[in-house]
Amino acid sequence: MSDPTKTKTKTKTKNPLKLSAEKKAAAIRVKIENRAASATVVEVAECQAIVARAKSGFRGTGDYKLTPAMCAWLFVHANHYNREWSSTKAEEYCRRMNAGDWEYNGVGGSFYNTGDVADIQHRLSGCALSDDYTLEVSIAFGVRFRIPG
């Protein structure tokens, strides 16, 4: 018989499927971080130039050819204020890029005036995971960053 004076503490257990998905996403992030670390000095300089352009107040667009290492660098170092990232979406984009099913379609990305990615994180992460896909993309600059609320 249990003691009615003692309170039971319920421990929350995480859904094993969600936990598994979180572990998988963490492993994918590590792959992207490793790819970013492999960026050459020239690739890092090109990424830093993109970030600097975004911070400069420039309003307009530029066309870029981003290597997987460049995409990884931008994802890791310039992706602080974005919507929730989906590793599943990144993997699907990577699959399409590796299969040759990803084509330039004119849909660009953008950067906030803080130098952060505004809306291209899944394409960046998909390319970062790819074998050797070069992401051709138009990037818009001058998007004003606002904290919601």
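How much space lies in the largest pocket? The volume is about 170 Å³. The model is predicted: local features need pLDDT of at least 70, side-chain atom pairs count only at pLDDT 80 or more, and totals for chains, interfaces and linings use all residues. Residues are numbered from 1 along each chain as its sequence is written, and side-chain values use heavy atoms, without hydrogens and water.

**View 1. Lining of the largest pocket.** A21, K24, A25, E84, W85, S86, S87, T88 and E91 form the lining. Two or more of the lining residues come from each of α1 (16-37) and α4 (87-99). By class, three are nonpolar, three polar and three charged. A pocket is an open set of points on a 1 Å grid where a 1.4 Å probe fits, with protein on both sides within 12 Å along at least five of seven lines; lining residues have an atom within 4 Å of a point.

**View 2. Strand pairing around β3.** Strand β1 (residues 60-66) runs antiparallel to β3 (residues 135-143), joined by seven bridges; K65 stands opposite E136. Strand β2 (residues 109-112) is parallel to β3, with three bridges, and S110 has A140 as its bridge partner. Strands are DSSP runs of E, at least two residues, and two strands pair if DSSP finds at least two bridges between them.

**View 3. Cysteines without disulfides.** The structure holds zero disulfides (cysteine sulfur pairs within 2.5 Å). The closest cysteine sulfur to that of C71 is in C127, 3.5 Å away, too far for a bond. For C94 the closest is also in C127, at 8.7 Å.

Terms used. Points joined across faces, edges and corners; volume = space filled by probe spheres on them. Helix = DSSP H or I, 4+ residues; strand = E, 2+ residues; numbered from the N terminus. Nonpolar A, V, L, I, M, F, W, Y, C, P; charged D, E, K, R; others polar.
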